[in-house]
Amino acid sequence: MAAADEASKPPPLPPYPEMILAAIEGLNEKSGSNKSAISKFIEGKYGDLPPAHASLLTAHLARMKESGELIFLKNNYFRADAPDAPPKRGRGRPPKPRDPNAPPPPPKPSSPRPRGRPPKSKDPISDAIPKSRGRPPKKAKTAPAPPPAAGDGSAPVKRGRGRPPKVRPAVPSEAAAA
């Protein structure tokens, strides 16, 4: 009875990376194989797949792409060791091609001042006098000039800060009127 159970069981599935590489080789497309073509090939060849086949395929393709087993270009996957695989390019803009016949560029003129912080002086006298850091202190005030007499009109009178107090008109008292 044990032999009958083993005969009815389908053979176990190979690991996903092997199935993916076999699908890319089996499809043998010049421009690479996309994910849906790989999935259809695996479904057609192996038939009984787990229900999470789509997510497993996506995860394994991403892992193989990160490890360098596959090259992903224009939504298609290539084997990294395939002879027709495009060359792997680094990130960023590629450098401009240099003309071998062009003369070398002229050397840049050196700047009049060297870059960076100037070196400390080796003079022990200048090291003995400490330099103050930060903003210099305010200068001491001299004796203020006496305020000019108000009312002569020769010089403007300096006002204090803020809004001046309200000036109330003098109320004539009844005693002054009598």
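Predicted model: local features only at pLDDT ≥ 70, side-chain atom pairs only at ≥ 80, totals over all residues.
Me: What makes up the chain, and in what pattern along the sequence?
Reply: The chain has six helices and two strands. Along the sequence they follow the pattern α-α-α-α-β-β-α-α.

Me: Why is the pair Arg-79 and Glu-25 called a salt bridge?
Reply: The term requires a side-chain nitrogen of Lys or Arg within 4 Å of a carboxyl oxygen of Asp or Glu. In this pair the N to O distance is 1.8 Å, so the pair meets the cut-off of 4 Å and counts as a salt bridge.

Me: How many salt bridges does a search of the whole structure find?
Reply: The search finds one.

Me: Which parts does the pair of Arg-79 and Glu-25 tie together?
Reply: Arg-79 is in strand S2 (residues 76-79) and Glu-25 is in helix H2 (residues 16-27), so the parts tied together are 54 residues apart in sequence.

Me: Why are Arg-79 and Glu-25 each called partly exposed?
Reply: Partly exposed lies between the limit for buried, under 20%, and the limit for exposed, over 50%. Arg-79 has 21% relative accessibility and Glu-25 has a relative accessible area of 48%. Both values fall between the two limits, so both residues are partly exposed.

Me: What makes Ser-33 buried, and where is it found?
Reply: Ser-33 is in the loop between H2 and helix H3 (35-46). Its relative accessibility is 1%, and buried means under 20%, so Ser-33 counts as buried. Leaving aside neighbours within four places in sequence, Ser-33 is in contact with Ile-24, Leu-27, Ile-38, Asn-76 and Tyr-77.

Me: How do you know whether His-53 is buried or exposed?
Reply: At 5% relative accessibility His-53 is under the 20% limit, so the residue counts as buried. His-53 belongs to helix H4 (residues 53-67). Its contacts, with neighbours within four places in sequence left aside, are Tyr-16, Ser-39, Ile-42 and Glu-43.

Me: What share of the chain counts as buried?
Reply: Of the 178 residues, 13% count as buried. The chain exposes about 17000 Å², and carbon and sulfur atoms supply 58% of that area.

Me: Which residues form the positive surface patch, and why is it called positive?
Reply: Arg-135, Lys-138, Lys-141 and Lys-158 form the patch. Lys and Arg count as positive, so the patch is called positive.

Me: What makes Lys-138 exposed, and where is its place?
Reply: Lys-138 has a relative accessible area of 81%, and exposed means over 50%, so Lys-138 is exposed. The place of Lys-138 is in the loop between helix H5 (124-128) and helix H6 (174-177).

Me: Which residues have a positive phi although they are not glycine?
Reply: Asn-28 is one of them, with a phi of about 50°, and Lys-74 is another, with a phi of about 55°. Asn-28 lies in the loop between H2 and H3. Lys-74 is in the loop between strand S1 (70-73) and S2.

Me: Why are Asn-28 and Lys-74 called exposed?
Reply: The limit for exposed is over 50%. Asn-28 is at 65% and Lys-74 is at 75%, so both residues pass the limit and count as exposed.

Me: Why is Ala-82 called partly exposed, and where does it lie?
Reply: The relative accessible area of Ala-82 is 23%, which is between 20% and 50%, so the residue is partly exposed. Ala-82 lies in the loop between S2 and H5. From Ala-82 to Leu-70 the C-alpha to C-alpha distance is 9.5 Å, at 12 residues apart in sequence.

Conventions:
Residues numbered from 1 in each chain as written. Heavy atoms only, no water. Patch = residues over 30% accessible without salt bridge, like charges linked within 9 Å, V, L, I, M, F, W, Y side chains within 5 Å. Areas by Shrake-Rupley, 256 points an atom, 1.4 Å probe, with all protein chains shown as cover. Charge placed at Lys NZ, Arg CZ, Asp CG, Glu CD. Helix = DSSP H or I, 4+ residues; strand = E, 2+ residues; numbered from the N terminus. Buried < 20%, exposed > 50% of the residue type's maximum accessible area, 1.4 Å probe, protein only. Contact = heavy atoms within 4.5 Å.
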